[in-house]
Amino acid sequence: MPTEDPQPFKNHNYKADTEYVVKVAKTLLTPVGIWPLYRGNSTSDKIKNYIQTTFIFTLMCFLLIPHVIYTFFDAEDLTKYMKVIAAQVFSLLAIIKFWTMIINREGIRYCLQQMEMQYKNVECEEDRLVMTKSAKIGRLFTVTYLGLSYGGALPYHIIMPLLADRIVKEDNTTQIPLPYLSNYIFFVVEDSPLYEITFVTQILISSIILSTNCGVYSLIATCVMHSCCLFEVVRRQLDTVFNVGTDNIQKRLGQIIENHMQAIKFAEMIEKSLNIVFLCEMVGCTIIICFLEFGVLKEWEDGQVLPMGTYFVLMTSIFVNVYIISAIGDRLKEESDKVGESSYFISWYNLPTKIVKNLILVMLRTSRPSTLTAAKIFDLSLQGFCEVCKTSAAYFNFIRAMTT
């Protein structure tokens, strides 16, 4: 019988592995001050972080509130209002995610620290490869969503205002409409150079909002895929439990159960810290999709190819967002379930009764698989994605009936 390697495996590249996993989320969330590992413990660091987050939140409100005021009080017709409400919901979601990240900073920080420890304490190269494979899948999801989001957002904020009808001023001159038509109440932005400054500022703030949404999404994909790989590692360890020899099986099984509990705790911490974000994603994206569908239809009826394409790319990016979150939620549940299956399919009938009892406990625990929930209301799954598609289509038909 093969025995355990007397020299345990050491992952000397654990910092590089961890950095690879979180690089995209860290790059996007650090500039807005909500990267959980960014803040130091000194008073000066806390003050800097407080100033930074206050400044970013003020900018978000500076974009969203005047835009909402204009839409409700100055919008010329219902059709125009329907086209812009998706951008308002998207900005509101960014603000909610922004504060969720701040409020649950400690829980998210714990998950990231545990991730680094798990890469450091990985038992063998095979386990490390399982973890890095999941990290690559999570990063692929993130890059796909980033490409679609920025590919639709940049034309929306830059090209579409250039193609829109010019605004006629009181002195009979014209100017390009702002990316977000706004009523700033206390001052007028029609005159140069304030108008140009506001135009550029709106694009910059919208980029911050987009980065916040994409950064939080990247963090979700990273953490959930890592949670999936922890269960996958436990399954692999169960499948190879007999490789350590009969005398060491009980000790090895104890290590596997400990790893299983760490995986469960990690998944529970993710769900606890981000379930509000999951609810915002599912509900908010349903609303955004139906209004983007409306935008695609109206631009198609008006023969506007580029605006229609812009709305379509944005709609596709939101669909991809909801699908991936639903899919990784489904995969987490599936990987958690498979641990119980693996514990059953090993040759447990050849083991002593005392060890079999421990396996029974593993099977019983996996009967309640780890899941992601939207604020404890419903589980994230592919069935939930289908519900989002059906609900957005129903809302779209209702909106279309209102505007015809």
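Which residues form a nonpolar patch on the surface?

1. **Basis.** This is a predicted model: local features need pLDDT of at least 70, side-chain atom pairs count only at pLDDT 80 or more, and totals for chains, interfaces and linings use all residues. Residues are numbered from 1 along each chain as its sequence is written, and side-chain values use heavy atoms, with hydrogens and water left out.

2. **Nonpolar patch.** L154, I158, I159, L162, L163 and L306 form the patch, with about 490 Å² of accessible area together. Areas come from the Shrake-Rupley method with a 1.4 Å probe; for residues, only the protein chains shown count as cover. Patch residues have over 30% relative accessible area and no salt bridge; like charges are joined within 9 Å, nonpolar side chains (Val, Leu, Ile, Met, Phe, Trp, Tyr) within 5 Å. Helix α5 (residues 125-163) gives the most, five residues. Helices (H or I, at least four residues) are DSSP runs, numbered from the N terminus. L154 is in helix α5. L154 counts as partly exposed because its relative accessibility is 44%; buried means under 20% relative accessible area, exposed over 50%, partly exposed in between (1.4 Å probe, protein chains only).

3. **Salt bridges.** The whole structure holds 15. The criterion is a side-chain nitrogen of Lys or Arg within 4 Å of a carboxyl oxygen of Asp or Glu.

4. **R236 and D127.** Their closest N and O atoms are 2.6 Å apart. This pair links distant parts of the chain: R236 in helix α6, D127 in helix α5, 109 residues apart. D127 is buried at 1% relative accessibility. R236 is partly exposed at 24%.

5. **E335 and R235.** This salt bridge spans 3.1 Å, N to O. E335 sits in helix α8 and R235 in helix α6, 100 residues apart. Both E335 and R235 are buried. Salt bridges with shared partners join E232, R235, R331 and E335 into one network.

6. **R109 and E106.** Their side chains meet at 3.9 Å, N to O. Both lie in helix α4 (residues 105-120), three residues apart, about one turn of the helix. R109 is buried at 12% relative accessible area, whereas E106 is partly exposed at 46%.

7. **Loop between α9 and α10.** A375 lies here, with phi near 55°. K376 is in this loop too, with a positive phi of about 65°. Neither residue is a glycine. Most residues other than glycine have a negative phi. K376 counts as exposed, at 61% relative accessibility.

Key. Helices (H or I, at least four residues) and strands (E, at least two) are DSSP runs, numbered from the N terminus.
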